[in-house]
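This report looks at one protein chain, part by part. Please have the sequence and the model open while reading.

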Amino acid sequence: MIPTFVEPAPPAVSPHIQKIEEYVSSLGESLGLAKTRGGQERMRAGYGRFVAWTYPEASFSDLCLCAEWLFFTFILDDLHTLKVYDAPEAWAPVQRRLTDIINTGEDPAPARDRTPFTRALSDLAVRTGERLSPTLHGRLNRHLELFFQGFAEESENRFRGTPPGIESFTQTRRLSVGMEFGFDLVELSQDTEVPEGIYGTGLFRRIIEAASDVVAWQNDLHSVHLDSKRGDFHNVVIVMQHAGGISLQQAIDRAVAKVEARVADFLAAEEQLLPFLVSRGVPRATREAILKVTAGMRQWTNGCLQWYGNTSRYTLPGASDESDQQHAHLQVLLPSPGLYIPA
């Protein structure tokens, strides 16, 4: 069993679950994923169901925004491990291009190098900017940059060929799991916003970092056998096994204990939040909204675990699927990384 937050009731699920699954399938088709077997398999992984579990309170229009962002970031998570991009010098221009698209809503690459994916990402960036306040929009974009930075650090580690140390891994994994961005979408889904004066405090940072570690390490526990088969050492279990010279099962046991400890850290910090907000003179309605956001982080985490039990994303590949598991079907979504050199 993967440790998680104990709640009095099962995690909620959006009433739009079927509709949003159809919406994401349509999005995948518009990007060209349905043209390949690998793309079809990715579309059957249930990314619409994923956001229905993680953002259950969102209106359908907001759920669509959340679904597009999560679907695109899953794609980018797959894309950056392709051999053509998986080197620091290869990923860097792609990262700059993606950051430009997200920050401006425009693809800086020549028209001939634009694809349905980059056009859709540009459109999503514009619609997100129209939906969010400038403050929350700026924060979300900064967190996406950190997400891409995590990819770059993982590529550097793979280039060196050895797993990072525990502390270095923890910092990089906290970036590459993308949960600061994912939790920004909790605020979007609840139609609220944590004031910057609270968001940047040490207490709220402890809450976010603990929740991010829980999500990252739960994912690692769920996918350790797939990561091991692929030879990807960016997994808390594999890093601990390498660092300690211990068996896989011993490393799994230690990873379980680490998740339990971070769950406890989150709950301890969350318990301090209400008196802290009162001491800062935060109005009651705002206090309640902030506490609802942290509850949404717990919902996100438990909803994600529900999805793990119903998705094919982490299924071990058969011998005939090895090349597909390197996500080669996604290479059509961006042209060769060498084609875009920003001014």
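## The model

The structure is a predicted model, in which local features need pLDDT of at least 70, side-chain atom pairs count only at pLDDT 80 or more, and totals for chains, interfaces and linings use all residues. Residues are numbered from 1 along each chain as its sequence is written, and side-chain values use heavy atoms, with hydrogens and water left out.

## The nonpolar core

A nonpolar core is a set of buried Ala, Val, Leu, Ile, Met, Phe, Trp, Tyr and Cys residues joined through side-chain atoms within 4.5 Å. Buried means under 20% relative accessible area, exposed means over 50%, and partly exposed lies in between (1.4 Å probe, protein chains only).

The largest nonpolar core holds 100 residues, and Leu31, Tyr55 and Phe204 have the most contacts inside it. A contact means heavy atoms within 4.5 Å. Not counting residues up to four places away in sequence, Leu31 touches Phe71, Phe72, Ile75, Pro116, Phe117, Ala120 and Leu333.

## The largest pocket

Rolling a probe the size of a water molecule over the atoms shows where empty space is left. On a 1 Å grid over the protein atoms alone, a pocket is an open set of points where a 1.4 Å probe fits, with protein on both sides within 12 Å along at least five of seven lines; lining residues have an atom within 4 Å of a point. Grid points are joined across faces, edges and corners, and a volume is the space filled by probe spheres set on the points.

The largest pocket has a volume of about 840 Å³. Its lining has 40 residues, and those closest to the centre are Asp77, Asp78, Arg173, Asn219 and Arg313. Several helices give two or more residues to this lining, among them H4 (60–79), H8 (166–176) and H14 (284–308). Helices are DSSP runs (H or I, at least four residues), numbered from the N terminus. H11 gives the most to the lining, with 7 residues. The lining divides into 14 nonpolar, 13 polar and 13 charged residues; here Ala, Val, Leu, Ile, Met, Phe, Trp, Tyr, Cys and Pro count as nonpolar, Asp, Glu, Lys and Arg as charged, and the others, Gly among them, as polar.

Most residues other than glycine have a negative phi. Asp191 is a residue other than glycine with a positive phi, near 55 degrees. Asp191 sits in the loop between H9 and helix H10 (196–199) and is exposed, with a relative accessible area of 59%.

Arg114 lies in the loop between helix H5 (88–104) and helix H6 (116–131). Arg114 is partly exposed, at 38% relative accessible area. Leaving aside neighbours within four places in sequence, Arg114 is in contact with Arg97, Asp107, Ala109 and Arg119. Glu209, in helix H11, is partly exposed at 27% relative accessibility. Not counting residues up to four places away in sequence, Glu209 touches Arg174 and Arg262.

Is Ala251 buried or exposed? Ala251 belongs to helix H13 (residues 248–279) and counts as buried because its relative accessibility is 0%. Gly38, in helix H2 (residues 37–43), counts as buried at 5% relative accessibility. The C-alpha atoms of Gly38 and Pro116 are separated by 18 Å, and the two residues are 78 residues apart along the chain.
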